[in-house]
Number of protein chains: 2
Amino acid sequence: MAKISVSDVQGEVDYEKTAKEFGIDSMHGFLKKLPDAPAMYRRGLVFGQRDFQQIYDATKNRRKFAVLTGVNPSGSLHLGNKLFIDQALYFQRCGADVIIPISNDETYVFHKADSLEKATENAVNNVIPDLIALGFEPKRTKIFISTKTLRIFELAIKISTKATFSTVKAVFGFNNDTNPGQIFYSIVQSAHILFPQTMGYRETVVPIGIDQDPYMRLVRDIADRLGMVKPSSTYHKFMPGLQGGKMSGSKPETCIYLTDSPEAARKKIMSAFSGGGGSLAEHRKSGGNPDVDVAFQYLRFMFEQDDKKLEEIRTSFKKGDMTSGELKGYTADRIEAFLRNHQKEREKANSKTDKFMID
Amino acid sequence: MAKISVSDVQGEVDYEKTAKEFGIDSMHGFLKKLPDAPAMYRRGLVFGQRDFQQIYDATKNRRKFAVLTGVNPSGSLHLGNKLFIDQALYFQRCGADVIIPISNDETYVFHKADSLEKATENAVNNVIPDLIALGFEPKRTKIFISTKTLRIFELAIKISTKATFSTVKAVFGFNNDTNPGQIFYSIVQSAHILFPQTMGYRETVVPIGIDQDPYMRLVRDIADRLGMVKPSSTYHKFMPGLQGGKMSGSKPETCIYLTDSPEAARKKIMSAFSGGGGSLAEHRKSGGNPDVDVAFQYLRFMFEQDDKKLEEIRTSFKKGDMTSGELKGYTADRIEAFLRNHQKEREKANSKTDKFMID
């Protein structure tokens with residue numbers, strides 16, 4: 001199998017360069033100060049931030065703040081989505097209330113669902129139970145469906161006068177063929193992010209991938225024009241897809257879904273892109289490359305919280321002591337166990353929905 | 001006083017030419033068939049139509065249909081607005097239910113109110129009581145405020161994929177400085193017009209001025225793409241402003257408002273643009289021009305329903321027998337009487353609001 005380039009995912013330099021270009025600050029100074037920072041912070045996977053100081057101050061002063069993470073209900077949740085949610089769960093432990101907009105409008109206007117109804121159905125029957133099963137506290141989590149929330153329509157209309165077509169065109173890459181729903185969604189997304197402020201939260205932090213930074217700059221600019229507090233953001237590296245690259249819902253072959261059976265997920269891991277040698281003999285001799293090994297990266301991103309254990313695996317795989325099959329087997333065990341537990345929780349989630357939903 | 005050009009208002013040729021250019025059909029064939037057609041139809045003030053046959057069929061077969069007339073709550077209602085409402089009231093007598101969207105979003109995104117709240121307040125405290133006072137039947141009239149109606153947001157999102165920026169740009173004259181709220185409003189307006197179909201009405205007729213035809217073509221095109229029935233429209237001539245031209249809410253000096261005191265309205269009429277001679281002697285000698293006389297036009301548009309009486313006035317003024325002051329006095333009496341009665345009804349309207357509003 002030809003090795004594919006994953007430099008856009010694992011390359012440290014690219015993230016640093018892009019962050020610098022965009023004017024994103026380093027997360028480094030906050031890492032040691034964050035209470036019980038999860039592995040993804042310690043490991044530099046959450047590498048950048050804008051205005052994180054105000055969030056740190058809120059956690060330090062035990063002041064309530066909001067963490068916002070939107071979900072596009074175009075399909076089932078996958079591990080790439082879980083990366084956002086893990087951060088929201090962490091901020092909830094730090095004192096934040098979690099606000100989750102489900103952007104059924106985004107799904108539909110960008111043609112990721114045949115109808116708005118189908119996007120809404122998928123949100124209600126599939127995405128929301130998955131979210132709830134991931135362990136949010138009902139009293140401190142508010143989930144809403146974009147087109148079912150009148151306050152979002154009103155807020156979007158209100159803030160729509162603070163941007164121009166020119167601005168949103170540049171941010172979203174619009175052209176003459178763009179439909180008006182897509183154009184307005186650029187503002188609805190900003191409304192989602194500013195919504196917590198209208199609910200009484202002062203600070204909001206939005207965990208995002210670096211590719212989403214232009215949207216963040218748009219909403220921060222709008223907030224500024226409205227005299228609102230500019231929302232903060234943190235930037236994480238992309239969750240690798242099964243063959244490297246980025247795990248993306250629009251490419252199912254890159255994804256492990258939270259709805260995959262544990263057995264199916266194991267199979268996906270076992271045939272994921274490997275950083276091991278071309279043959280066992282070669283691997284024993286030259287070792288593997290954990291930096292591009294997808295199974296290793298899944299441990300690093302979320303399935304091995306123990307830094308010492310992760311380091312042992314890295315070293316062992318790199319030296320060729322641990323084989324690619326062994327590493328994949330280890331990761332598959334972890335993911336299988338996670339999915340078994342998650343899917344048990346998911347069965348209970350349907351009965352809890354009302355505790356989480358707002359309109 | 002220099003005579004200003006009112007040819008864009010009274011010129012028969014311009015309306016015919018524009019109608020032809022736009023592909024608007026004549027209303028002529030329906031005039032004699034319409035039951036108890038009010039003066040504005042008999043006098044050719046409602047001169048054009050698109051797909052009116054289906055509306056005529058509905059009235060003939062006593063099938064329920066919808067008449068839709070939107071109101072932009074940028075100020076108080078004026079006689080220009082009443083021209084739309086008179087037609088809606090007529091169609092209600094013909095069996096239609098009346099649907100009235102109040103476009104507080106339009107007011108705000110096009111900068112006709114300082115805030116969305118102010119537009120909404122003006123709708124609730126000022127425009128809606130005026131509408132109700134004009135005599136709609138509560139059981140067959142549904143008024144809603146655009147941003148307070150979740151079904152409009154959902155419908156607008158749904159239909160937004162059936163147009164492109166290119167299309168709405170051409171219709172509304174958008175450019176790079178246009179705000180995204182204005183762009184989306186082009187679709188919200190179409191959603192207002194298609195809303196009755198989602199409520200179970202098959203046919204909808206929208207009385208409009210010829211300048212609004214591009215919006216009608218947009219919504220008819222969207223309806224077609226959605227497999228919905230194309231809404232019908234009728235076209236009326238512009239209600240003249242106090243100095244000629246068009247009565248327009250954005251130019252208060254052109255308007256008689258439904259909230260004007262009868263005395264204030266009288267004063268406005270008495271100093272309105274006159275088609276009379278420059279002096280009394282001149283008028284007696286050469287006569288007046290009723291076609292450009294604003295007071296006469298107000299009688300023709302709405303305040304003298306008796307065709308014989310109107311013809312007497314026209315002839316007498318034209319010959320110079322009736323003076324400009326007499327004509328204005330006659331019209332002022334009619335408008336004063338209307339306003340006195342209307343404002344009495346308006347005081348009772350507040351207690352009836354709930355019977356008319358939907359969300």
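How many residues does helix α12 of chain A have, and how far does α12 reach from its first C-alpha to its last?

Analyst: This is a predicted model, in which local features need pLDDT of at least 70, side-chain atom pairs count only at pLDDT 80 or more, and totals for chains, interfaces and linings use all residues. Residues are numbered from 1 along each chain as its sequence is written, and chains are lettered from A and ligands numbered from 1 in the order in which they are written.

Helix α12 of chain A, residues 213-225, has 13 residues and reaches 18 Å from its first C-alpha to its last, close to the 18 Å expected at 1.5 Å a residue, where the expected span is 1.5 Å times one less than the number of residues. Helices here are DSSP runs of H or I with at least four residues, strands are runs of E with at least two, and both are numbered from the N terminus.

The buried residues of α12(A) are Asp213(A), Tyr215(A), Met216(A), Leu218(A), Val219(A), Arg220(A), Ile222(A) and Ala223(A); a residue is buried if 20 or more other C-beta atoms, placed from the backbone, lie within 10 Å of its own. Just after α12(A), Gly227(A) takes a positive phi of about 70°.

The C-alpha atoms of chain A fill a box of roughly 65 × 45 × 40 Å, taken along the principal axes.

Conventions
A residue is buried if 20 or more other C-beta atoms lie within 10 Å of its own, exposed if 12 or fewer, and partly exposed in between; C-beta atoms are placed from the backbone.
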